[in-house]
Amino acid sequence: MPDLSTTELMILKFENVMNKYNALEKKPRYYGTKDLLYKSEVHTIEAIGKNSGINVTELAQYLNITKGAVSQMIDKLIKKNLVVKTPVSETEVSLSLTQNGILVFKGHEEYHKGFYGEISHELKRLSPKNLETYFNILNILDKFLDEKSKK
């Protein structure tokens, strides 16, 4: 292996992890039902599960996407029997999960528990000072990426 500095090795590892993470996030997966779901679908289900009765405008704000994109996503999820619309007024509907939607919501929570569990275990072993250093490094990376994305 070439003689790289610790910083270069850390950045290479970070890039490798991010590439794997991004590739994994693009793949649909099962969350307790027969439906293969993409990240955007399951995160919409998660948002509705955490905010039952939310309307389309609120959901768009929560997910930081357009109302049109939310409407298209909701239509897909209704066809998959994961979400239902309930009229609240002539111009507004509330959104909630079906039984299958609740299964997906819980399956997604379990997925995250497994994903976060090992990391959480390791973070608990760090001293407060080391934890602060770790977050400082992540903040430097975050700031750098924000600056580069603006150009």
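This is a predicted model: local features need pLDDT of at least 70, side-chain atom pairs count only at pLDDT 80 or more; totals for chains, interfaces and linings use all residues.
Local features need pLDDT of at least 70 and side-chain atom pairs count only at pLDDT 80 or more, while totals for chains, interfaces and linings use all residues. Residues are numbered from 1 along each chain as its sequence is written, and side-chain values use heavy atoms, with hydrogens and water left out.

**Figure 1. Overview of the chain.** The secondary structure consists of six helices and four strands, where helices (H or I, at least four residues) and strands (E, at least two) are DSSP runs numbered from the N terminus. Their order along the sequence is α-β-β-α-α-α-β-β-α-α. The C-alpha atoms fill a box of roughly 65 × 35 × 30 Å along the principal axes. Of the 151 residues, 23% are buried (under 20% relative accessible area; exposed is over 50%, partly exposed in between; 1.4 Å probe, protein chains only).

**Figure 2. Packing of helix H2 (residues 39-50) on helix H3 (residues 56-63).** The two helices pack at an angle of about 120 degrees, with axes 11 Å apart. Axes are lines fitted to C-alpha atoms, for helices over the stretch in contact, and angles run from 0 to 180 degrees between N-to-C directions. H2 and H3 are therefore oblique to each other (under 35 degrees is roughly parallel, over 145 roughly antiparallel, 65 to 115 roughly perpendicular, the rest oblique). From H2, His 43, Thr 44, Ala 47, Ile 48 and Lys 50 meet Leu 59, Tyr 62 and Leu 63 of H3, contact meaning heavy atoms within 4.5 Å.

**Figure 3. Crossing of H2 and helix H5 (residues 99-124).** The axes come within 9 Å and cross at roughly 105 degrees, so H2 and H5 are roughly perpendicular to each other. On H2 the contact involves Val 42, His 43, Ile 45, Glu 46, Gly 49 and Lys 50, and on H5 Gly 101, Val 104, Phe 105, His 108 and His 112.

Figure 4. Ser 94 is buried, with a relative accessible area of 15%. Apart from neighbours within four places in sequence, Ser 94 is in contact with Gly 53, Ile 54, Val 84, Lys 85, Thr 86 and Val 88.
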